[in-house]
Every structure is written in structure tokens, then in C-alpha cells.
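Here is my note on the model, for you to read beside the coordinates. Please check each point against the structure as you go.

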Amino acid sequence: MENKAQPEADAEGTMFDNFMSIFQRRNSTPRSPVSADPLNSIPFLSPIANSVVSRSSKILNTPSDELRSSFDTDTVETDHQSITYARNFVEFCSYRALNETASPGKTQGEDEDGWSLFYSSSTDMAVQVDNENTVGLEAFARIAPACAVIADVATVQNLFDALTNTSGNRLHFLLYDKYLQSLDRVIKSAKNVLSASSNLKLADEEIIVDVDGTVPTQPILQHIGISAWPGRLTLSSKALYFESLGVGQYDKPAQYDLSRDLKQVIKPELTGPLGARLFDKAVMYRSISLAEPIFLEFPEFKGSSRRDYWLDVTLEILLAHRFVRKYHLKGIQESEAIARAILGIFRCRAVREGFHIFSSHYKTLLVFNLAENLPGGDTILETLSSCLALLEASTAQADSSGSVCTEKRHTVSPVSLLALKRFGLVPHDNVEFDEEGIYSSGYVSVGEADPLEVAVKQSKVGTGKAEAAQETVNQVKVDGIDANIAIMK
């Protein structure tokens, strides 16, 4: 299929730039905290909540009273004095404003104004809440997945833990800003790699996710038998590619397919010169299409974080395709599943490169790795497949909040795939759906817990019980005596 026009792709890609620009510190005099217009304030809301509603009202060009009427029409809550009603109404306004500012029909200037209105309000409100500009897990987990690029509802708690591992489980605004800037760099890097010349012959729908080994002093070594070659490694949405470094140029790439059922095994491994097992810095790849396994070594002076990252992200693509095959996903359902894996890898890179945190220091940010490692992983995958089964983008209908109501939930939107399209990372117009008619701000619904979020929490509860049981076993072990005998005694 033909490529989209470049100007359109560039315009779509500016959305993240606009989103980032409003967070930059300005050399202007400090602003006084934003407060809602007292004439238009809603009595049952706090001043901060009224400020959010007021900003949303300006973005939507809709009076607050009309927003409240729309909310009452679309919900079944009758107790207007309850905390739940107030919280859900603020969510309703926020999600609808987010949907408006992210709509594909916006021009660059309009988009920036909208984000500025909404997030400058949020920044000032953070100042009003406390002097440290911090938020907790519950607030972050509720709001961050509203933008599919920033967080995934399945891994948002792990993301919060990674960002706050040195700040006492409170997310400072400066840390969040740093994460966004790192994520911005990762996405721009992915776009640059996509447009750069390469020996790779990619399929129409194939996307380059990451590249390593391009710096001469930091090559990747491919070991086959007792031979080793330096070169460049590329991970795409379908395969690994290794290009050996020849005389001033790269040789024809070797492809290691991750998308087909080839009984692949990918695991950490030891390597060394002439086949010696000395350094724990390699990934082994084996499949029925190869006569013998290959080993990809990631040299570094200390530790194995480079190898660990590539092991995780390669497994994420492999597991995503296994998920697709297991649940017989086709078309836009398959594309959304793979896009979700890709965005998870981008977030993982942003944390790794922006904060220099090793993946061993936090739980995974990759949804398919998460499902693989939790006791209830099958439940997580079944829930995700059920969500993807609702994808009928050609007839998707969202409510006025930008989310699908419980009574109307017949379709959901491919928000991960749409994000990749808008950033210009989908190289071909291989996806057919109406961008104007779907909600694009994440896997969130007003006043509801996402089914995938519930499944992940239940699996983590199971993990906690299993760890507690193992700890009990460890406490009663006696040296030289079988564990079962020790427990019986």
C-alpha cells in the first residue's frame, strides 16, 4: 500500500512535541494558583475540582452546566451528593477534554493551546495540593493510562514504582517531566531509525522498534559455534536482524523470525572467545529453522543490564505473537496487540535511558512479560483477548466522555495502534479505521475499573500468597534435612 503523505505524518508527530512543550520551565514571573470562576463554580466540588472542570469547559467550549447535564444523562448515578458522583464527574470532564485536545482534526496551534490550558491548570493545582508537587499511586494509575503512550493500565503500577524508587513512593512533577522528555527522545529516535537507509527489507506493516551496535566501540557479537562477528542488531515488530560489520559496511542481514511458530527459545546465556563460557552477557536464540543456536553477546564493562534489556524486549515481541496465535487474532486486533507491546518497549527504554535504572530494580513494564511471569498470567491474557475481541473500529462509537459506557460497551478503540500512526511510526497506511470517530486517549472509562487492571491485581494477590508460602517453607528448612520433613516436624 502507499505511504501516507509526509506532511501529514509530520503534523501527527508534532502532537507529542506540543504535549512536551507545555512542561518546559519559563523564565516568566511566577503565576498565582489557578482557581475556578466563583460565578460558575459547582457547589459540591472542591476549588481544585472546580478548576479542572473550568479548564475542561474552556477546552470544550461548553458551559459547566451543560457538561454536568451530559454527565447526568450518560450515567446511572442518582446520589448527586456522593463522593463517587463528584469524582466521576471530574473524570468525565477530564477525559472529554483529553479526547478533544488529542483529536486528529486539531491543528498544531489549537492542539498546543488545548494542552496548555489543561495541563497548566494541573501544574498549578499540584502547587495548591502541597509544596512538593507530588502525587500518589492511586491518582497516577487512574490518570496516566488516559494517554496510551504514557502508560498501560496493566503495568502502570510498575511504572509508578520505577519512577518513585528513590522518592518514597511519591511522584514529583519534575520526575514525571523527566520521564516525558525521555519518552519523547525514544519516540523521535524510533522515527529517525525508521526513515534512515538500511539493508533491511521490511514487510509493509513491519516497524523497527530498537537498534544497538551502531557505535564502533560498543558492537554486538554474534557467536555461531566457535566463531564470532561484530555487528548491528535490530529488533522489529516481527523479527531480530543481525548485520555483520564487513569492510566499511554491513553485510546482508540474518533474520531471526519472532512472528511464526518456530518453537523458538530465547534465554540468557554465557559466552566467550572460542566457545568458552565466561561472560554472562549473552542471549541465546534457537528455533527449528536453524541448524544450531546463535548467541548474541552484549559486551559492557560492568553488569549485564544491556543484555537484560534486549532479552526482555525480544521476549516481549515473541510473546506478543504467541498471544496473537493462541487467541486467533487477525487484522486490527492483531495490530493493536503488537502495538501495545511496542509502546511498552518504548516506555521501558524511556525509564532505562532517562533514569539509568536497571530492569532488575523494578518489575516489568512489558505487559506480555508480566503475564508470563505472574501466577495468573493466563487470566491476564484471556482478559486482554476479550478486550481486543471488542475491537470493531469501523463501527466504533464512544460516549460524550470519550469512553464507552457500561450499557453501550460494544466496541473499543485501537488506541495503541492509533498512537503509532499519529507519531508517524506506522510506515504504511495498512490500517483502515475512522480516526475521527473513535476515542484515542487510553484504556479508561469514567468511574469504572478496567477489566485488565482487575485481572493484574488479582494475579499479584496470588503472587503475594505464593511468596508468603515460600517464605514459610524457607523459615522451617533445616540444613541437611529435606524441606518436606522439616515442615512436617
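The numbered points below cover confidence, salt bridges, a lysine and some local features.

1. Ground rules. This is a predicted model, in which local features need pLDDT of at least 70, side-chain atom pairs count only at pLDDT 80 or more, and totals for chains, interfaces and linings use all residues. Residues are numbered from 1 along each chain as its sequence is written, and side-chain values use heavy atoms, with hydrogens and water left out.

2. Confidence overall. The average pLDDT (the predictor's confidence in each residue, from 0 to 100) is 76 for the protein, and 68% of the residues score at least 70. Helix 9 (residues 305–326) has the highest mean among the elements, at 96. Helix 5 (residues 108–129) has the lowest, at 38. Helices here are DSSP runs of H or I with at least four residues, strands are runs of E with at least two, and both are numbered from the N terminus.

3. Contact means heavy atoms within 4.5 Å. Residues 436–441 are also below 50, with 31 such contacts. Where pLDDT is low, the predicted coordinates should not be read in detail.

4. Salt bridges, the D152 pair. The structure holds 15 salt bridges, each a side-chain nitrogen of Lys or Arg within 4 Å of a carboxyl oxygen of Asp or Glu. In one of them, D152 pairs with R340, with the closest N and O atoms 2.6 Å apart. This pair links distant parts of the chain, 188 residues apart. D152 sits in the loop between helix 6 (137–143) and helix 7, and R340 is in helix 10 (residues 331–355). Both D152 and R340 are buried. Buried means under 20% relative accessible area, exposed over 50%, and partly exposed in between (1.4 Å probe, protein chains only).

5. Strand 9 to helix 9. D280 and R307 form a salt bridge, with closest N and O atoms 3.0 Å apart. D280 lies in strand 9 and R307 in helix 9, so the bridge ties together parts 27 residues apart in sequence. Elsewhere, salt bridges that share partners join D152, R340 and R347 into one network.

6. The R260 pair. R260 and D257 meet through their side chains in a salt bridge of 3.0 Å, N to O. R260 counts as partly exposed, at 48% relative accessibility. D257 counts as buried, at 12%.

7. K281. Leaving aside neighbours within four places in sequence, the contacts of K281 include E269, F298, E300, G303 and R307.

8. Positive phi. N169 has a phi near 60°, a positive value in a residue other than glycine. N169 lies in the loop between helix 7 (156–163) and strand 2 (171–172) and is exposed, at 51%. K263 is not a glycine either, and its phi is about 55°. K263 is in the loop between strand 7 (254–257) and strand 8 (265–271), and at 54% it counts as exposed.

9. Helix 7 and N369. Six of the eight residues of helix 7 are buried, so this helix is largely enclosed by the rest of the structure. Those buried are V156, N158, L159, F160, A162 and L163. N369, in helix 11 (residues 367–373), is buried at 7%. Beyond neighbours within four places in sequence, N369 is in contact with D312, L315, E316, L319 and T364.

10. Cysteines. The structure holds zero disulfides, a disulfide being a pair of cysteine sulfur atoms within 2.5 Å. C93 is buried, at 0% relative accessibility. C387 is partly exposed, at 22%.
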